[in-house]
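Please find below a colleague's note on the structure, arranged as numbered points. The conventions are given where they are first needed.

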Amino acid sequence: MASISLPSHDRRYAVGLMSGTSVDGIDAAVIEINGVPGGQPHVRLIAFENKPYPAKVREEIFALFDPKEAAIDRVGRMNIWLGELFAESALSAIAAAGIEPKDIAVIGSHGQTIYHAPEAHDVDGYNLHYTVQIGEGAVISARTGIPCVSDFRVADMAVGGQGAPLVPFTEYLLYREDNRTLLLQNIGGIGNITVIPAGGTPDQVFAFDTGPGNMLIDGVVARLYPGEKTMDTGGAIAHRGDVNSDLLRMLQQEAYYSLPLPKSTGRERFGTSYIDGLIRYQQENSLSSDDIVATVTMLTAWSIGEAYSRFIRHRHPADMMIVGGGGSYNPVLMKFLKHELESMNVQVVTQEEAGYRSDAKEAIAFALLADYTMAAKPNNLPVVTGAQRAVILGKISY
């Protein structure tokens, strides 16, 4: 993503803010964009920071994932609280970049998803599918003095889309090649894949959620090691364990994997109640902690391979899969994934191995999406989300 020399009026800076389903913290990326707004961008990463959430904030966010706990006063308070934290992260990253807030054209904030219900839900003839992201954009703008684009998903859902995934729009702009078909696999809390056919046009790109990414791994570890661990750092636990074939076969029967495209999922399907079931199975069948972590790690790798085999391979045989997100730093997960994909002749590399930066990728995407919003240019891919038409995503706060 190297910059090129263009007239100064075509050069601008933007900030992207991201907090994912793993709730690890706030990612903030400062990027330089060269090119006419809404046109073909040339992007350079200037600075990137991750600010872990304070423990009490993370606990409160997790409480809000349960609709029974998500009282309107708790949601409203956390919406403002996260706005403050996002603003602080943006200002910190801007300072790290060595520039001033006045130099930033826009901030794009994904916010924190606390509920996502993308499936069609008919009530009196209305499709009441919905999504909820918090982290108030008006607060971010007020604290930074910079226009903020937030709440990206709802515009796509308003025209029949699932509101996700949104990052494929920027992946097409930044990664497409004439001679190779690429798969961009993100392994955050949820796994999602983008298919960019060699020499393809935007309407040939497609993407969807493959299933759980780190969500089940993190969830099981947090339950097995309360107060000690929240993730399997470096895959150390899975490395000690063995995959339990009976449990794996049972988990592979989850209906999501065979649902038709477009599709997306989240904590509503693979969250607390799912993890409750895993822990019960472990106790009833005397599985070791190491074995159950190894098994759900294998499930994530299998679900990605299954998605490629079921939905992609026959349409666009791929040359390479580029893996990003927290899961790309788990060597056991990557070993399992390479076994799955390379058996189908797909090379698997990480974002870093391909010359990019995994932890900054989604924050960069929302900075670029916000740039398109400010230029009043459509920035969704209807073929990916299922929307009826291209729309301009996001709400702007000044």
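Helices (H or I, at least four residues) and strands (E, at least two) are DSSP runs, numbered from the N terminus. The model is a predicted one: local features need pLDDT of at least 70 and side-chain atom pairs count only at pLDDT 80 or more, whereas totals for chains, interfaces and linings use all residues. Residues are numbered from 1 along each chain as its sequence is written, and side-chain values use heavy atoms, with hydrogens and water left out.

1. Serine 286 is found in the loop between H10 and H11 and has a positive phi of about 55°, although it is not a glycine. Its relative accessible area of 67% makes serine 286 exposed; here buried means under 20% relative accessible area, exposed over 50%, and partly exposed in between (1.4 Å probe, protein chains only). Asparagine 345, in the loop between H12 and S13, likewise has a positive phi, near 65°, and is exposed at 65% relative accessible area. For context, most residues other than glycine have a negative phi, and most peptide bonds are trans.

2. Cis peptide bonds. The bond from alanine 164 to proline 165 is cis, with omega near -10°; proline 165 lies in the loop between helix H4 (153-158) and H5. The bond from leucine 261 to proline 262 is also cis, with omega near -5°, and proline 262 belongs to the loop between H8 and helix H9 (267-270).

3. The five-stranded sheet. An open sheet of 5 strands has the order S11-S10-S9-S12-S13, with mixed pairing; two strands pair if DSSP finds at least two bridges between them. Its edge strands are S11 (206-212) and S13 (347-350), each of which pairs on one side only. On average, neighbouring strands of this sheet are turned by 20° against each other, direction ignored. Axes are lines fitted to C-alpha atoms, for helices over the stretch in contact, and angles run from 0 to 180 degrees between N-to-C directions. Strand S10 (residues 190-196) pairs with S11 in the antiparallel sense over 6 bridges, and asparagine 192 has aspartate 209 in S11 as its bridge partner.

4. Helices against the sheet. Helix H11 (residues 289-312) packs on the sheet and touches strand S9 (182-187), S10, S11 and strand S12 (320-324); contact means heavy atoms within 4.5 Å. The direction of H11 makes about 150° with that of S11. Helix H12 (residues 331-342) lies across S9, S12 and S13 and runs at about 150° to S13.

5. Buried positions. What is the relative accessible area of phenylalanine 366? The value is 1%, so phenylalanine 366 is buried. This residue lies in helix H13 (residues 361-374) and, not counting residues up to four places away in sequence, touches Gly16, Leu17, Met18, Gly108, His110, Phe152, Leu166 and Val167. Glutamine 282, in helix H10 (residues 272-284), is buried at 9%; with the exclusion of residues up to four places away in sequence, glutamine 282 touches Leu224, Leu287, Ser288, Ser289 and Ile292. Helix H5 (residues 168-175) is largely enclosed by the rest of the structure, because 8 of its 8 residues are buried.

6. Salt bridges. The structure holds 18 salt bridges, a salt bridge being a side-chain nitrogen of Lys or Arg within 4 Å of a carboxyl oxygen of Asp or Glu. Among them, arginine 249 and aspartate 246 meet at 2.5 Å, N to O; being 3 residues apart in helix H8 (residues 245-251), they are separated by about one helical turn. Arginine 249 is partly exposed at 47%, as is aspartate 246 at 45%. In H11, arginine 310 and glutamate 306 are 4 residues apart, again about one helical turn, and the closest N and O atoms of their salt bridge are 2.8 Å apart. Arginine 310 is partly exposed at 38%, whereas glutamate 306 counts as buried at 18%. Glutamate 69 forms a salt bridge with arginine 74, with the closest N and O atoms 3.3 Å apart. A network of salt bridges links Arg11, Glu32 and Arg44.
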